[in-house]
Every structure is written in C-alpha cells, then in structure tokens.
Amino acid sequence: MTESIVSIDSELCTGCGRCKDICPVGAISGEPAEPHRIAASSCIVCGQCVQVCSGFDSSLKEYPTGRQQRLRQRGMLDSVSEPLFAAHYRGDIHALLAALEDGSTSTFVQCAPAVRVALGEEFGMGYGALTPGKLAAALRALGFDRVYDTTFAADLTIMEEGAELIERIQGKGRLPMFTSCCPGWVKFIEDQHPDLLENMSSCKSPQQMAGTLFKTYGAGVDKVDPASIFSVAVMPCTAKKFECARPEMDASGHRDVDLVITTRELAQLIKHKGLDFLGLDDEPFDNPLGCYSGAGNIFGTTGGVMEAALRSACEVLTGVPLGEIELEYVRGGEGLRYADIVHQDLELRVAIVAGLANVRRLLDEVRRGEADVHFVEVMCCPMGCVSGGGQPKPLLPAQHLEAHAGRKSGLYCHDKKLAVRKSHDNPQVKKLYADFLGEPLGHESHRLLHTDHTSRRRA
C-alpha cells in the first residue's frame with residue numbers, strides 16, 4: 001500500500017543524502033552521488049524527504065523521460081509549472097476531477113487546520129497567512145457539493161480521546177495513552193513497536209472520523225444516498241493517503257474517505273482552473289460538519305492536540321473553568337518536552353514529541369515502566385502538521401524554519417479570534433451527540449469513531 005505513495009526518481013536524484021539524513025525510520029538508502037531508494041516496508045510515508053529534496057529536473061539537462069511524461073507518471077496535471085524534484089509523492093488529482101465531473105456523485109470535502117495557514121503561500125502570500133474563507137470559497141467554486149472541515153472532527157476527537165483517557169486513569173486500560181491522530185506515528189508503532197499497541201488510543205484520526213460521519217450523519221442531514229457520496233480530504237500530510245486506504249476504514253458501510261489530496265495538489269488545481277484565489281471573497285464552511293472551535297484548529301501544530309485535550313479535560317473533570325486557556329507550557333518546537341498540569345484537585349502529567357526521531361527514549365522508558373506520564377502526543381513531522389510532507393515546499397533550506405514558524409503563528413492567531421475555543425463547547429458537536437451518537441465511548445460512537453491497531457512486524 002505504501003509502494004506508490006512516496007518515491008525517489010532515479011533520473012533526478014543526485015545522491016546528496018538529504019533525504020536519508022532526515023528520514024526518521026532509516027527507510028532510505030544509497031551511496032553518495034548515486035540515486036537513493038526507499039524501502040516501502042519500513043517507510044512511514046511522512047514525506048519529509050519530499051520537503052528537503054534538492055535534485056530537480058533542470059532545463060539545462062536532457063533526461064530519458066520528458067517533463068510531460070514525468071507529470072503523468074506522478075499523477076500530476078499537465079499545467080503544473082513548478083520544478084519537479086526527485087523525491088515526490090503520488091498525485092491523485094485526476095481521480096478528483098473525474099468525481100467532480102460525475103453528475104451522479106455528491107462530493108463532500110474536508111480541510112485540515114494546517115491547510116488554511118499554508119495554501120496562501122502558493123499564491124504569493126506570506127508564511128502563515130490565514131485563508132479559511134478563501135479556502136472554503138475556492139472549494140465551492142471548484143464544484144464540491146458540501147464544504148466541511150476536519151477541524152469539526154478534531155473537536156470530536158477531543159471528546160472521545162478525553163473520555164478514553166479518563167477511563168484509563170480509572171484503571172480501564174494501559175497508561176500512558178498515546179495519541180493516534182498522526183498516521184505516520186501509528187504505522188511506526190505497528191511496524192517497529194507492536195508490544196506498545198495497547199498504549200495507543202483507539203480513536204480514529206480526525207480525517208477518518210469526518211469521513212465516517214459524512215456517509216452516516218452527514219448523508220442524513222443532506223438527504224443524500226451514502227453510496228453516492230465521494231468523500232475527499234485536503235491534507236498537509238502525505239501519510240493521510242495511506243491512512244484512508246487502510247482496509248478497516250469502512251465503518252460507514254462504504255470507504256469512509258475516498259481520496260486525499262495535499263495542500264500543494266489543491267493549489268495546483270486552483271491554478272489549473274484559473275481561479276483568482278487572492279480575489280475570492282471569504283465564505284463560511286457548511287454546517288453542521290464545518291463548525292469548529294479554536295481548540296480543534298490548533299491540532300495543526302505540535303502541542304496542539306495536547307492543549308486542546310487539556311482545555312476540555314481540566315474543565316470537564318473538575319467542573320471549574322480554566323482561568324487561562326492558552327497553555328503556553330505545552331507549546332514549543334521540535335523535540336521531547338514534559339509538563340505537569342494542576343487544576344483544582346486534578347493533576348495530569350503529559351509529554352509532547354515533535355519529530356519522530358525524538359520518541360525512542362520515551363518509548364524505552366514506557367517499556368521499562370519508568371515513564372511517569374498519563375498522556376503522550378506524538379507528531380512525526382518537525383513542527384506537527386504545519387510542516388507536513390504535503391505542504392508548500394520552501395525552495396531554500398533556510399526558509400523551512402521561517403515557514404513553519406509563520407504557519408504555527410497563524411493557527412494560534414486564528415484560535416484567538418474564534419468565539420468558541422474549547423472542543424466541548426462546540427454547539428454542533430453537542431448536537432451530534434444529542435441527535436446521533438449518544439455519548440462519548442457509547443455504542444454508536446465506538447462503532448463509528450474507534451478502531452483497532454495491528455502489528456505489522458515481519459517475522
């Protein structure tokens with residue numbers, strides 16, 4: 001399933017080794033100045049190799065494969081004019097175009113939080129420029145029937161994951177509990193540390209929760225046949241293409257998410273269709289599955305899932321609102337950091353890991369029973385989803401940190417401006433439980449929103 005998602009083009013690879021150096025699982029091999037290759041069996045599809053690759057199709061050279069042929073091989077539009085780098089991921093835009101042109105299909109789309117602070121870069125805007133209104137307007141102009149938001153499902157994830165954490169603290173499961181939002185992290189545990197699978201939250205990621213709801217609750221709200229819905233996700237993450245194809249992701253009775261495109265693919269499609277992105281008037285996301293809180297929005301950066309969870313957990317467990325909801329002590333950059341949270345008579349100890357290469361020491365501590373924490377957030381990419389493999393690619397190495405910092409700042413700025421900033425205060429999430437799911441960890445929510453993780457370790 002991973003073989004055709006992230007690849008290295010041997011004609012363009014210069015053997016500089018940057019991809020090998022950044023790969024957190026050692027899946028890339030090759031000698032200096034020779035073409036490198038990716039071992040699909042151990043690749044976690046994070047796409048960081050794509051972000052740092054510097055070998056491209058120079059107009060000063062001739063290659064056995066021409067540019068137009070290379071675009072088609074990669075599943076890209078013929079109109080794409082950007083440089084083509086050796087490390088790349090599978091494009092899926094042609095399948096999306098076919099669905100948008102199919103009159104018998106209802107097209108539902110969701111957008112991850114990190115997309116709205118990066119898409120503008122493809123149109124000349126500064127790093128972190130906030131564009132949720134133009135994003136919604138562009139998707140509607142492209143022809144989607146419903147423009148929903150993954151951030152709604154991020155709020156829902158907090159409800160389910162928070163309830164699961166409380167159960168584990170009460171003795172009904174193994175601690176510490178690991179977040180399961182990042183598909184590269186999930187695959188890493190399944191591949192290399194299956195003895196720790198019981199520590200994984202059973203929650204699906206927000207992408208998959210949203211997809212499941214599109215074809216159940218959403219189909220009912222919009223009065224469409226679930227079988228006719230083509231469910232699309234716009235993601236900053238290349239591993240999301242892998243996640244949506246997992247065989248167990250069909251709790252709705254159909255494939256929950258039919259197709260994932262990245263931030264860059266969406267920008268290429270907007271340009272291909274000739275839309276004036278900068279000139280679009282802001283439009284809202286559709287309700288009910290497009291309503292979100294500031295807590296759900298900060299899922300897009302490292303520490304965001306933890307901060308969102310703590311905003312709700314502290315208040316729900318004690319009945320006393322937090323005096324300050326901007327929890328600076330869980331924010332930060334790449335690395336491993338710990339925090340203790342005390343609110344009323346509640347004390348929680350947490351850890352945040354940004355960049356998969358930083359997690360191994362913590363896993364060893366967990367295995368030895370020495371990790372004195374309740375809850376752990378892990379994101380594969382250096383700054384979380386804002387630096388995902390499907391985000392706009394800074395051309396110069398020095399621009400990466402500037403881009404990541406700008407996008408992160410954009411998410412926190414958006415959080416501050418939203419009227420609702422805690423997941424459990426999202427009015428449409430409340431209505432979803434009242435009308436459809438029942439309660440967190442209830443029968444229906446468990447059937448639709450939770451999953452099992454499986455060992456992939458080879459004998």
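Tutor: Ala, Val, Leu, Ile, Met, Phe, Trp, Tyr, Cys and Pro count as nonpolar, Asp, Glu, Lys and Arg as charged, and the others, Gly among them, as polar. The model is predicted, so local features need pLDDT of at least 70 and side-chain atom pairs pLDDT 80 or more, while totals for chains, interfaces and linings use all residues. Residues are numbered from 1 along each chain as its sequence is written, and side-chain values use heavy atoms, without hydrogens and water.

Student: How many charged residues are in the lining of the second largest cavity?

Tutor: Let's go class by class. The lining of the second largest cavity has 10 nonpolar and 4 polar residues. The charged ones number 5.

Student: And which elements give two or more residues to the lining of the largest cavity?

Tutor: About 300 Å³ of space lies in the largest cavity. Among its 25 lining residues, Cys181, Pro236, Cys237, Lys240 and Cys385 are the closest to its centre. The elements that give this lining two or more residues are α6, α7, α8, α9 and β13 (382-385).

Student: What does the buried part of α7 pack against?

Tutor: Buried means under 20% relative accessible area, exposed over 50%, and partly exposed in between (1.4 Å probe, protein chains only). In α7 (residues 183-192), 9 of the 10 residues are buried, so this helix is largely enclosed by the rest of the structure. Trp185, Phe188 and Glu190 are among those buried residues. Counting contact as heavy atoms within 4.5 Å, the buried residues of α7 pack against β7, α9 (239-244), α13 (360-367) and β12 (375-379).

Student: Which residues of α15 meet α8?

Tutor: The α8 side of this contact consists of Leu213, Thr216 and Tyr217. On the α15 side, the partners are Lys431, Leu432, Asp435 and Phe436.

Student: How many nonpolar residues does the contact of α8 with α15 have?

Tutor: The contact of α8 with α15 includes 1 polar and 2 charged residues. Its nonpolar residues number 4.

Student: Is valine 45 buried or exposed?

Tutor: Valine 45 has a positive phi of about 65° although it is not a glycine. The loop between β3 (37-38) and α2 (48-52) holds valine 45. With a relative accessible area of 0%, valine 45 is buried.

Student: Is lysine 223 buried or exposed?

Tutor: Lysine 223 has a positive phi too, near 55°. This lysine lies in the loop between α8 (206-222) and β8 (229-235). At 73% relative accessibility, lysine 223 counts as exposed.

Student: What is omega for the peptide bond from leucine 175 to proline 176?

Tutor: Most peptide bonds are trans. The bond from leucine 175 to proline 176 is cis, and proline 176 sits in the loop between α6 (150-169) and β7 (177-178). Its omega is near -5°.

Note on methods. Helix = DSSP H or I, 4+ residues; strand = E, 2+ residues; numbered from the N terminus. 1 Å grid on protein atoms, 1.4 Å probe; cavity = no way out; pocket = protein on both sides within 12 Å on 5 of 7 lines; lining within 4 Å. Points joined across faces, edges and corners; volume = space filled by probe spheres on them.
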